[in-house]
Amino acid sequence: MSFFKSRGGDMALVRLVYVSRATKLFQPSSIKSLLATARRNNQNHQVTGLLCFNQHCFLQCLEGPRDKVNETFHRILSDPRHSHVEIVHFEYIEKREYVQWNMGYLQDNASIRALIQKHSQQEVFNPYELSVTATLGILRDVRDDIYHAMVDASS
Ligand SMILES: Cc1cc2nc3c(=O)[nH]c(=O)nc-3n(C[C@H](O)[C@H](O)[C@H](O)COP(=O)(O)O)c2cc1C
């Protein structure tokens, strides 16, 4: 009983991380409209997180109230722009790690490739092959990279 109580029902905060493959239908240029929709919806639902995309695969972290994260994930799951969606991590959390963004995004570039190599031995980003530790490490480093880029740009 206390196990369920301690998690506080739908109000409990959770973090969900999944990976997926972009389908042929997905145009990289449409990432902009995808992010605009994601940010608008996520703001309305107190969902925060981070999205990584390398032209082939997505790695996304969603955090927020359990019911909202589930609702959001169900919508994402039925989106034809990607397929082979696999949850790689789910946990109850005390506090958010991606509190700055309703959906942060870092484009595939040299710095993200360096981060991936730091956490895995991969030349090409294949989030399906990563350990959970490497996945969470990449997400945190990407978060710090975006944050530093934002601070640099505003100073
Ligand atoms: C890789 C990927 C990530 C997405 N991330 C989100 C998200 O974080 N939040 C969200 O609301 N929709 C996200 N979407 C879009 C949803 O699948 C869906 O199109 C959208 O939520 C529908 O919103 P609307 O009913 O307001 O148009 C994502 C889609 C893809 C393909």
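Glu86 sits in strand β4, residues 82-92. Helices (H or I, at least four residues) and strands (E, at least two) are DSSP runs, numbered from the N terminus. The model is predicted: local features need pLDDT of at least 70, side-chain atom pairs count only at pLDDT 80 or more, and totals for chains, interfaces and linings use all residues. Residues are numbered from 1 along each chain as its sequence is written.

**Overall fold**
- The protein has five helices and five strands.
- Their order from the N terminus is α-β-α-β-β-α-β-β-α-α.
- Of the 155 residues, 26% are buried. Buried means 20 or more other C-beta atoms within 10 Å of the residue's own, exposed means 12 or fewer, and partly exposed lies in between, with C-beta atoms placed from the backbone.
- Two residues are in contact if their C-beta atoms, placed from the backbone, lie within 7 Å. Among contacts between residues at least 6 apart in sequence, 78% join residues at least 24 apart.

**Around Glu86**
- Glu86 is exposed, because 11 other C-beta atoms lie within 10 Å.
- Its contacts beyond four places in sequence are Tyr18, Val19 and Tyr128.
- Glu86 and Val19 are 67 residues apart along the chain, yet their C-alpha atoms are separated by 5.4 Å.

**Nonpolar core**
- A nonpolar core is a set of buried Ala, Val, Leu, Ile, Met, Phe, Trp, Tyr and Cys residues joined through C-beta atoms within 7 Å.
- The largest one has 24 residues, and Leu50, Leu51, Cys52, Cys61, Leu139 and Val142 have the most contacts inside it.
- β1 (13-22), β2 (48-53), β3 (57-65), α4 (110-119) and α5 (132-154) each supply at least two of its residues.
- Not counting residues up to four places away in sequence, Val142 touches Leu50, Cys52, Leu106, Ile112 and Leu115.

**Ligand shell**
- The ligand is surrounded by 15 residues (C-beta atom, placed from the backbone, within 6 Å). The closest are Ala38, Asn41, Phe58, Asp79 and Arg81.
- α2 (31-44), β3 and α3 (66-77) each supply at least two shell residues. The largest share, five residues, comes from α2.

**Helix α3**
- Lys68, Val69 and Thr72 are buried in α3. They lie on the same side of α3 because they cover an arc of only 100 degrees around the axis (taken from the directions from the helix axis to the C-beta atoms).
- The buried residues of α3 pack against β1, α2 and β3.
- On the other side of α3, His74 and Leu77 are exposed.
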